[in-house]
Amino acid sequence: MRGPLRLLLVEDSQEDELLLLHLLRRSGYQIVHERVDTAPAMEAALDRSEWDLVLSDNFMPHFSAPAALTVLKQRGLDLPFIIFSGTITDELAVAAMKAGASDYVMKSNQARLLPAIERALREAALRREHQQVAEQLRRSQKLEAFGQLAGGIAHDVNNMLAVISGYSSLLQDRLTLEDPLRRYVQEIGKAGERTAALTRQLLAFSRKQVLTPRALDLNQVVLDMDAMLRPLIGADIELVTLPYPARASVLADPSQLEQVILNLAVNARDAMPRGGTLTLETQHVELDAAAARHVDTPAGSYVLLTVSDTGCGMDAETRARLFDPFFTKGKEHGTGLGLATVYGIVRQSGGQIAVESSPGQGACFRIYLPRVEAEGEGVPVGEVPGGPNAGWETVLVVEDEPLVRELIREVLTGQGYTVLEASHGAQAVEVCEQHPGPIHLVITDVVLPRMSGRELTERITAQRPEAKVLFMSGYADDAVLRHGILAGEAAFLPKPFTPATLAEKVRERLG
Ligand SMILES: Nc1ncnc2c1ncn2[C@@H]1O[C@H](COP(=O)(O)OP(=O)(O)OP(=O)(O)O)[C@@H](O)[C@H]1O
Ligand SMILES: [Mg+2]
């Protein structure tokens, strides 16, 4: 059995058409075909449907094989094209091959036709696969570059935001409730918060946000989301959750996975204004080398989360740019960061995402997350306990951005701490050597010029083992993760922070 074949036949003779169909059907092809013998008819056939193969006569009263090839080329179509002709000279054949024909077969040598077709189909499939892989690579490289840019911007913006929000909050504390200036300061604070939310999304996309991954059951996350999603998607949309009957353990940040599901669900809702079905399903899958290459991920065991809807679907152009930040199909409210965020979170969690959709056919997002064995408690980072935050201890602040350093000093001296300052590692070491009294806490940026925060604290604690450490950073780059700061051995303060969180965190660290 050879299977279905969609054949576009460029041929003026009905007799030859019948003969050819008979030959192909006899050898096991299930043929869907159309015969054309002019350029406009061929154009129309190409518009109407997709084809696997073009078989073309060489000369016809109103058309020819070279002209048919030109029609294909002008459309940028890469279809196997075989010339099947009673009259073809070597010269013409060579010219046709140069123009992009896959093969030529004389009508007098029918036996060669089937092997020629098979070979052309095989080669076309191979070309398609190569193209897909190349396209995938190009897309992921583009997103990588976007991510680096976005991450770089967000990092610097976060520093400035800490300053803006910090001072506006300090200022607000000083103004009486009746002060007419209070409102202005509040507006500044609000704008700061909104910008911080935006940079958080950018960081998520650029995979530089601070994640707190732990082994968790994706089934549980999906089930927990169920209650939250129902009111969000409305009564017209049916929500179906199909958790895998066994644990679906992955290593990820639960709140980030919720964000992923939420963003996908909101998009699905928007795609189904007149109702429909939203399905969340988890499965175990094993990807062998070939399957993994298709998904663009290493081979292995995965949990597959499928989020599908029966909405309007999307065209190829939308599909190609789906994960680009700020790509949106013009809704009033959309910023176009929803899927960029999803992409970032999935990739940062070591997973991959694929989408399948066409207009009117709904959309299906598949998220592959590496499956892990057991579940355990993760390492909580960034917990904020309550309690009075005042102190008397001595704190060394190492931060290269002067505005941020001043803000920290302002907040901590306000709480009663003694504050020492340094703008880079060497200076901090010097301060440590020269300061006569104890240093209870070192607050340092993770990413510093010359000496990293990690190296710096190692040198300081070698001298002063009693000193505690609090790391801060606008993003978790590889250095942070590599150095095990997230492994829980040190406290971590994500930027931008409010004066209140800073004071709480310092108090917590000092005990
Ligand atoms: N399930 C879906 N069905 C049809 N089209 C979709 C679906 N999900 C996303 N899209 C298309 O992809 C675009 C980008 O989605 P994305 O979530 O990134 O941005 P947005 O929804 O427009 O804005 P935001 O999520 O930031 O509010 C959408 O505008 C929409 O055109
Ligand atoms: Mg969206």
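Predicted model: local features only at pLDDT ≥ 70, side-chain atom pairs only at ≥ 80, totals over all residues.
Q: What counts as a polar contact here?
A: A polar contact is a pair of N or O atoms within 3.5 Å; within protein, one must be able to donate a hydrogen and the other to accept it, and residues adjacent in sequence count only if both atoms are side-chain atoms. In this case, a polar side-chain atom of Asn 267 sits 2.8 Å from an oxygen atom of ligand 1. Asp 309 also has a polar side-chain atom, 2.8 Å from a nitrogen atom of ligand 1. Side-chain values use heavy atoms, leaving out hydrogens and water, residues are numbered from 1 along each chain as its sequence is written, and chains are lettered from A and ligands numbered from 1 in the order written.

Q: How much of ligand 1 does the protein cover?
A: Accessible areas come from the Shrake-Rupley method with a 1.4 Å probe. On its own, ligand 1 has 600 Å² of accessible area, and the protein covers 89% of that.

Q: Which helix gives the most to the shell around ligand 1?
A: Helices are DSSP runs (H or I, at least four residues), as are strands (E, at least two), numbered from the N terminus. H8 gives the most, with three residues.

Q: And the open sheet: in what order do its strands run?
A: Strands pair through backbone hydrogen bonds, either parallel or antiparallel. Two strands count as paired if DSSP finds at least two bridges between them. Here the order is S2-S1-S3-S6-S7, with parallel pairing.
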